[in-house]
Amino acid sequence: MNKLLMEENDRLQKQVSHMVYENGYMRQHLQTASATTTDNNSCESVVMSGQHQQQQNPTPQHPQRDANNPAGLLAIAEETLAEFLSKATGTAVDWVQMIGMKPGPDSIGIVAVSRNCSGVAARACGLVSLEPTKVAEILKDRSTWFRDCRCLDVLSVIPTGNGGTIELIYMQTYAPTTLAAARDFWTLRYTTSLEDGSLVICERSLTSSTGGPTGPPTSSFIRAEMLPSGFLIRPCEGGGSIIHIVDHVDLDIGRVPEVLRPLYESSKILAQKMTIAALRHIRQIAQETSGEIQYGGGRQPAVLRTFSQRLCRSFNDAVNGFVDDGWSLMGSDGVEDVTIMINSSPGKFLGSQYNASMFPSFGGGVLCAKASMLLQNVPPALLVRFLREHRSEWADYGVDTYSATCLKASPYAVPCARPGGFPSSQVILPLAHTVEHEELLEVVRLEGHALTPEDLALARDMYLLQLCSGIDENAVGACVQLVFAPIDESFADDAPLLPSGFRVIPLDPKTVKDGPGATRTLDLASTLEVGPGSNRPSGDGEPNNYNLRSVLTIAFQFTFENHLRDNVAAMARQYVRSVVGSVQRVALAIAPSCLSSDMVPKALPGSPEALTLARWICRSYRIHTGGELIRVDSQVGDALLKQLWQHSDAIMCCSLKTNASPVFTFANQAGLDMLETTLVALQDIMLDKILDEAGRKILCSEFSKIMQQGFAYLPAGICVSSMGRPVSYEQAIALKVLNDDEANHCLALMFINWSFV
């Protein structure tokens, strides 16, 4: 009954508020229009309603609006206000409720995401026990709750006649991985009050189409667009506020690698990063203010939040490696799987997450080794939980010791990275957690045990400050992260932090429109589903469906002395490679238990391509080599396709064209893992891009033999995944695939015993 009453009350409140907003806007609209009628060059045309303006001028041209023309900026602000309110309380965007949100009285609020709109958008509504002015103050300080915010500069503040303010803002954001450029925004933010006492903070990008001054030029960022977004904060009787949040952005996906575009096309990821993060932050502060949350260790909540922010910020700095922070690229050892960056001028950011005591007085800096990789069918939350709880499975105690001793004046010699160098065990000591336990701050004690007298110097307890976030498996689109930094026993509030860690971001399956180039890939993708009798997953599928991919980013930071820089770089590169190998083993151990045994092929009516192609590949292999590729009792139908899909060797097919580079059309699960791609993105990969020069020469020299005899054995070699990682294989077989009419259909390649170098 209470739930029904709350829903009805909310409906009526929205209805009344919407009428008040419309009334207030029309009054402001008329006042602004009358105030500008004496000026023929005024902004009257842009203050009019969109419908009337379109009737008078089908292609409206905005006058030049700049910081010296407050009337022009106010016109932009009023347009932004109207569009924001239509999204916050209306249906200007097609909203659908976001799945996976925690129901019940402890729920953070009602969250919805956009469907079929320009860019990506998310909306939320929640109730907090803070007054509107306090809520507005917190939300405007975006860097405290939006973890991807690198900086936010208010370049101009202009008061308006109605008691509000207009601000011109330049904001830089971090890129989530090492594989794409960061984004920045140039926006106008309008803060005003409505007649019912509500506060509104709305914001939009200033572009050539909106008019207004141009933003600062940047070289390291891609300019993204914020469409009308903001916060509507309504006071409640008896105290507290109801908050409506809208985030709507266009992140310019055309300049993102194909395999990463789901990160920038997902409204669910936007909701987790911005919309829900804002609500959670407000709710956290409200409960801390009321004394509902108790923390141990005598730490103030604000201090603990600062630790979390510093860990995230420094990890983001390491992942992005901005030049203006002093980072520069270090030469590789010939293999591009691990990127090494150095920063010999840490003084540029000593005031925040670093500390002068971390760097030797006679010269040194910070070194970061980082890598990114694709994961298939591995639940991100489960993977990070395993890495958190079983550190000994991937970490090297000697490297941990080196990192810890960098806090001292005289660090030990650079270790040689070797997995599990010294036996150790860990004890996790909880320090703080957020309201919904989606983020955990903890101290990890690493207990060392020496096996020989020589190891006694290293066998001592060490401490890490660790932040674990996003480990709720039902949180759709959530970034899952494990970040840690060595600390000493004193653990002062201003303790220097140099974090390392892991970040896993799920990739939403891409929706591909029907078209000549996508038909085969779509059909082949449609033949595989999770679990008997289930439906093919869609972009808004159930959160427990792990037939998805995710991007894993690994970054480890170390301090170095100048004369040991190359040694530390070699150690860091070797260590990150060993960690990558350990994570891959963990991922393989986790994935089958969740999915692979339940992989069931499905033949869609009218779409026999996958089954037919599997039959053609096995039949051609038998004809040309005399052997059997698949050993099953009945080499027909679903059983054959399932065996081919789960074959341990990487099997992939590419087109046979004499006038164009061969393009991949199909790959089994091992083939997708080797190429680090998806069935949807597979068609964008050409054969000559993954083979090295020696491999291309061998294939060309053997091509006539393949056409005559039907197959050829290729020697061991190296190829490259779509993410640029080298892959070695012991042998490859190139096979001419024949259709039922004995005509050439495609070229199949099988890479035997492949592994990442």
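**Strand pairing and ring contacts**

Three strands form an open antiparallel sheet in the order β26-β27-β30. The model is predicted: local features need pLDDT of at least 70, side-chain atom pairs count only at pLDDT 80 or more, and totals for chains, interfaces and linings use all residues. Residues are numbered from 1 along each chain as its sequence is written, and side-chain values use heavy atoms, with hydrogens and water left out.

Me: Which residue in β30 is the bridge partner of Ser728?
Reply: Strand β27 (residues 726-729) runs antiparallel to β30, and 2 bridges join them. In β30, the partner of Ser728 is Ser755.

Me: Over which ring does the charged end of Arg725 sit?
Reply: A charge sits over a ring if NZ of Lys or CZ of Arg is within 6 Å of the ring centre and within 35 degrees of the ring normal. For Arg725 the distance to the centre is 4.0 Å, and the ring is that of Phe756.

Me: How many residues of strand β11 are buried?
Reply: Buried means under 20% relative accessible area, exposed over 50%, and partly exposed in between (1.4 Å probe, protein chains only). Strand β11 spans residues 241-250 and is mostly covered. The buried count is 9 of its 10 residues.

Me: How many bridges join β3 to β11?
Reply: Strand β3 (residues 120-128) runs antiparallel to β11. Within this pairing, Cys125 has His244 as its bridge partner. The number of bridges is 9.

Me: Which residue takes a positive phi in the hairpin of β10 and β11?
Reply: Strand β10 (residues 229-235) is joined to β11 by 6 bridges in the antiparallel sense, with Pro235 paired to Ser241. The hairpin has 5 residues between the strands. The residue with a positive phi, near 90°, is Gly238.

Me: Is the pair of Phe711 and Tyr713 stacked or edge-to-face?
Reply: Rings of Phe, Tyr and Trp (its six-membered ring) pair if their centres lie within 6.5 Å; planes under 30 degrees apart count as stacked, over 60 as edge-to-face and the rest as tilted. The whole structure holds 14 aromatic pairs. For Phe711 and Tyr713 the centres are 5.3 Å apart and the planes at 90°, so the pair is edge-to-face.

Key:
Helix = DSSP H or I, 4+ residues; strand = E, 2+ residues; numbered from the N terminus. Pairing = 2+ DSSP bridges.
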